[in-house]
Amino acid sequence: MIGFQCFVLVLVIVCAESKILTGTVDTFENFHFLARFCFRPHNGKASFNFTYRRENVDGVLPTYNSLVMYYDGRKQWDAAYKTQLTCHDKISLLTDQNNNDQIAELRETEEKYCSQEDNTAPLINCSSNFENKKTVYAIGDPNIVTFHNGYIGFQNSRARWWYFAISNCDNPNGVTRMAYSVELTNGNTFWTRHVSADEIGILETDIVFVILFIYLVIASSKVARILANRQLYHTSFKIFMASVTLQAIASVVIVIFRCMINMNGEENKVLKYFGKALEVLAETLFILLLILLSKGWTVVRGRLSTQGTMILSASITFYFLSQVVALFWSAYMFDPGEVIYEYESQPGYVVIACLTMMWIWFCTCNYHTLTNYPDQNKFYGIFFAAYSIWFLAKPIMVLIAAFQLEDHYREKAVNVVLNSNLFFGYSVFLILTRPSTNNKMFPYNVKTSQIGVSETADDLVDGGRPKASSFERTNMFRASGAINGGRSDAYAVGFSSVSYNAESGNMDVFNPYTSQDPPHI
């Protein structure tokens, strides 16, 4: 516990300050998207610095860049961005609604900036001011225009998305090349400064889940040690260990990424997408594990048929690649001016569709396994119910977020639900596989040293049902051992590992919770 407390303390100390956007606008477009930010109802602020060279049209009329601000809504940003409207039409969306305070022409004569609106305005009581606002002329070039320490204050009726763009409608060459620095803040408190309103609270919940996932890694390591001592440490549990460990590491990386944003105001995209890539790998491994167990692997059979292995490999590879494509799209093709929520994109739809198909396959495999091996209904009943919830939680949450939640609630709500779902999935598996005498659902009843001859496809008929023939043809695992004193080899039949006595005809159940071998009779 002391280690956990120190870890949390380090995270709190590291997470400090800001989000600053810097760059250069260099485009032939007359209207260029710059940034977006979700401001809280009070204490929102955008500070900025701009430097550009003023150009003259036809050598006579000077043109100036303008900073234009739209809030989320059909008549504002939705109507302006990536539509057929001309640059002047996009600006008129603001002037026609008497929102001239949302237009700041970046010129030395611009004094009116953001007037106080009355309470009937749809969005803001906006106030602004310039500090040290002036034009700085470079030596030898009187057309260099520089703004220092300009800022805009936002007072919203609710949390609201704001979109910032640079326009120059009168210049046929587009927006004049301009360097900028924009700093966006939501008050001055520790947890909200420079954090978009839709993400406030995510860092705190991520820290909590980091602790929970680390706890799961420690707990699963202890279970793995016990299973290994009892020769019950099967490959399926090793896959689980790999998945939960990758998820814990990914959570730590994401928390560090968010803390670094608050420290220096800039996103470390390498760290961000490294963490997301680890999450994708962890989830893919866990889905692979669930499909394998639904087919009875390491529970009622030692290996899958060649055809089954090929289908499973192709399906898991396709799902993994869909996640990789979605990750690549969000890194290189994501348009923050158009898409707020990553699952609103085409790659996001593909990922959700693939996950739903995986659930359908999972249900089919569970049905066949339970039909063929009804003795395992204690394990597979809970297994099916719990992981049906796990599979469906993500698609359902995405639909709710897309059609029911406000944009400024969406990110934090999805983050909490998806992390809770991951923790639920890992916890259920750990509970099902705990080596306790009170656990009647324990799936591993055959020692790893006993696994020898596995069933083949030739032992199956339509529907995957075993042929009704001799005792040996229905065995899933064959123990290592010879007839000893009238006792035949030990076999695992269905869910139990038994020792068959040739003289009495009795089968003695092997107790998986002890390290002792099946008794001799």
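**Questions on the model**

User: Does lysine 82 count as buried or exposed?
Analyst: Relative accessibility for lysine 82 is 54%. Buried means under 20% relative accessible area, exposed over 50% and partly exposed in between, with a 1.4 Å probe and protein chains only. At 54%, lysine 82 therefore counts as exposed.

User: What pLDDT do local features need here?
Analyst: Residues are numbered from 1 along each chain as its sequence is written, and side-chain values use heavy atoms, with hydrogens and water left out. This is a predicted model, in which side-chain atom pairs count only at pLDDT 80 or more, totals for chains, interfaces and linings use all residues, and local features need a pLDDT of at least 70.

User: Where is lysine 82 placed?
Analyst: Although lysine 82 is not a glycine, its phi is positive, at about 50 degrees. Helices (H or I, at least four residues) and strands (E, at least two) are DSSP runs numbered from the N terminus. On that numbering, lysine 82 is in the loop between helix H2 (77–80) and helix H3 (87–95).

User: How many residues apart are lysine 82 and aspartate 335?
Analyst: The two form a salt bridge, with the closest N and O atoms 2.7 Å apart; the term means a side-chain nitrogen of Lys or Arg within 4 Å of a carboxyl oxygen of Asp or Glu. Lysine 82 is in the loop between H2 and H3 and aspartate 335 in the loop between H7 and H8, so the pair links distant parts of the chain. The separation is 253 residues.

User: Is aspartate 335 buried or exposed?
Analyst: Its partner in the salt bridge is lysine 82. The relative accessibility of aspartate 335 is 14%, so this residue counts as buried.

User: How many residues apart in sequence are the parts tied together by aspartate 26 and arginine 177?
Analyst: A salt bridge joins aspartate 26 and arginine 177, with 3.5 Å between the closest N and O atoms. Aspartate 26 lies in the loop between strand S1 (20–25) and strand S2 (31–39), and arginine 177 in the loop between strand S10 (160–167) and strand S11 (178–186), so the parts tied together are apart in sequence by 151 residues.

User: Are arginine 160 and aspartate 72 buried or exposed?
Analyst: They form a salt bridge with a closest N to O distance of 3.1 Å. Arginine 160 is in strand S10 and aspartate 72 in the loop between strand S6 (66–71) and H2, 88 residues apart. Both arginine 160 and aspartate 72 are buried.

User: How many salt bridges does a search of the whole structure find?
Analyst: Side chains of opposite charge can pair when their charged atoms come close. Glu199, Asp206 and Arg258 are linked in a network of such bridges. The number found in the whole structure is six.

User: How large is the kink in H9?
Analyst: Helix H9 (residues 377–403) has 27 residues and reaches 38 Å from its first C-alpha to its last, close to the expected 39 Å. The expected span is 1.5 Å times one less than the number of residues. A bend is the angle between axes fitted to the seven residues ending at a position and the seven starting there. The kink lies at alanine 393, shortly before proline 395, and is about 35 degrees.

User: Which residue's side chain makes a polar contact with that of threonine 298?
Analyst: Threonine 298 is found in the loop between helix H6 (269–294) and helix H7 (306–332), and is buried at 9% relative accessible area. A polar contact is a pair of N or O atoms within 3.5 Å; within protein, one must be able to donate a hydrogen and the other to accept it, and residues adjacent in sequence count only if both atoms are side-chain atoms. At 3.0 Å, the partner is serine 236.
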